[in-house]
Amino acid sequence: MQHYVHTLTGKTIVDFLSWLRTCRNNGSGAINRKISTVKMYIRFLASTDIPGAADVPIQYLQRARQPYAGPVKTLEIHEVKRILAGILGYRDFALFNLLYALGLRLSEALSLDLDAIDWKKRTCTVHGKGRKQRTLYLVKPLCDILVHYRQLRSELRNAQTSNAFFLSKKGNRLSARTAEENFQKLINKVGPFTIP
């Protein structure tokens, strides 16, 4: 049975958000998206001079909190070594070493351009979330791996025209989906591990 809302108030919105959690079992991410939608809709109504829209207290709507998932679990060093030793392609070997050594997000590593690495200073400039930029030091073993990959990269398709550091077989910037699929295949091959 459907219920139609004829009058939109602060209580109506709160009841709706409560219904999302208790009846639809929506997670925090889904609820937060709906909160953003409601806020934008109310602002739109207010901008078009709909009576009462400006009085709806959307400023008090707080984002739903993610439930505490417990302590963060990490791989043991011998498990990390087993993963890295199981990599067949050198591009993935360079990528996963970079991720591990610098603690980068996958998106940060894949967005690296050739000029992001200063080979003389052995530093890497990374662009993270919120357009934040940071410069990280490359320890010599990691730098050696990246130098070797750069040499191999020069033989890849579009290597002379693309500025992307990590290239796909087709000569495009390596996609997150391909990197994730390759990592999952690797885990399936060399696992299991102490964490899921």
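Author: The sulfur of Cys124 lies 10.0 Å from the closest cysteine sulfur, in Cys143, too far for a bond. This is a predicted model, in which local features need pLDDT of at least 70 and side-chain atom pairs count only at pLDDT 80 or more, while totals for chains, interfaces and linings use all residues. Residues are numbered from 1 along each chain as its sequence is written, and side-chain values use heavy atoms, with hydrogens and water left out.

Reader: How many disulfides does the structure hold?

Author: A disulfide is a pair of cysteine sulfur atoms within 2.5 Å. For Cys124 the closest cysteine sulfur is 10.0 Å away, so a bond is ruled out there. The number of disulfides in the structure is zero.

Reader: Is Cys124 buried or exposed?

Author: Buried means under 20% relative accessible area, exposed over 50%, and partly exposed in between (1.4 Å probe, protein chains only). The relative accessible area of Cys124 is 0%, so Cys124 is buried.

Reader: What kind of aromatic pair do Phe165 and Phe166 form?

Author: Rings of Phe, Tyr and Trp (its six-membered ring) pair if their centres lie within 6.5 Å; planes under 30 degrees apart count as stacked, over 60 as edge-to-face and the rest as tilted. Phe165 and Phe166 are both buried. Their ring centres are 4.9 Å apart and their planes meet at 85°, so the pair is edge-to-face.

Reader: Which residues form one aromatic cluster with Phe165 and Phe166?

Author: The cluster holds Phe165 and Phe166 themselves.
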